[in-house]
Amino acid sequence: MIVAVLVAIEGIGVPVPGELALVVAGAFTGEGDLSLTGVILASWIGAILGGSGGYWLGRTGGLSLLERYGHRIGITDEKILRARRYFTNHGVKTILVSRFLAILRMLASLLAGVAHMPFGLFTICNAIGGLLWSVVFALLGNFFGSHWPLLTHYLHRVGLLALCVAAGVIAVILIRRRRAHSTTAS
């Protein structure tokens with residue numbers, strides 16, 4: 001239930017950790033604490049409801065807000081027209097792919113509504129994309145839950161490697177800045 005609610009809220013455009021909740025719930029399925037089918041269905045229902053809610057928010061109020069206040073953030077009537085044309089030509093792909101990209105997952109439904117993508121087409125894309133996303137991330141979580149000791153071992157090593165790489169990058173940046181500063185000071 002919590003997964004469905006978080007995923008639905010995220011689909012409306014509110015930045016909450018819906019994907020993280022899905023992966024964690026999937027991990028509990030790997031340990032046998034939850035039903036994998038139940039987690040997938042809850043997430044899918046949340047994705048459909050949230051996406052539809054976001055669509056209708058965009059459709060009923062988003063365009064007027066953009067037309068009224070968009071100029072303050074650089075959104076012109078021309079950009080709105082281009083967005084509408086984009087959704088006419090690429091709306092299906094955008095809705096399907098957006099599920100897998102965090103920022104787009106929160107905004108694509110709103111933008112589809114603003115662009116007046118046909119609701120029937122949006123609903124089909126939203127349902128398919130939501131199902132694919134729910135299955136992929138629930139299965140990832142399930143895998144993590146089933147292999148937790150092995151994963152923590154590798155995550156520890158990857159974390160150490162990432163820390164070393166980050167330290168090296170920072171050192172290179174600091175050395176270059178020091179050299180650039182000493183060159184301009186001379």
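This is a predicted model: local features need pLDDT of at least 70, side-chain atom pairs count only at pLDDT 80 or more; totals for chains, interfaces and linings use all residues.
Local features need pLDDT of at least 70 and side-chain atom pairs count only at pLDDT 80 or more, while totals for chains, interfaces and linings use all residues. Numbering starts from 1 along each chain as its sequence is written, and side-chain values use heavy atoms, with hydrogens and water left out.

**Exercise 1.** Work out where serine 134 lies and what it touches.

*Solution.* 
- Start with the helix: serine 134 belongs to H6, residues 119–146 (helices are DSSP runs of H or I, at least four residues, numbered from the N terminus).
- Then the side chain: it reaches the backbone oxygen of glycine 130 at 2.7 Å.
- Finally, leaving out residues up to four places away in sequence, serine 134 touches Leu22, Ile40, Ser43 and Trp44 (contact means heavy atoms within 4.5 Å).

**Exercise 2.** Describe the fold and dimensions of the chain.

*Solution.* 
- Check the dimensions: the C-alpha trace spans about 60 × 55 × 25 Å along its principal axes.
- Look at burial: 32% of the 186 residues are buried.
- Sort the contacts: of those with a separation of 6 or more, 75% join residues 24 or more positions apart.

Key: Helices (H or I, at least four residues) and strands (E, at least two) are DSSP runs, numbered from the N terminus. A polar contact is a pair of N or O atoms within 3.5 Å; within protein, one must be able to donate a hydrogen and the other to accept it, and residues adjacent in sequence count only if both atoms are side-chain atoms. Buried means under 20% relative accessible area, exposed over 50%, partly exposed in between (1.4 Å probe, protein chains only).
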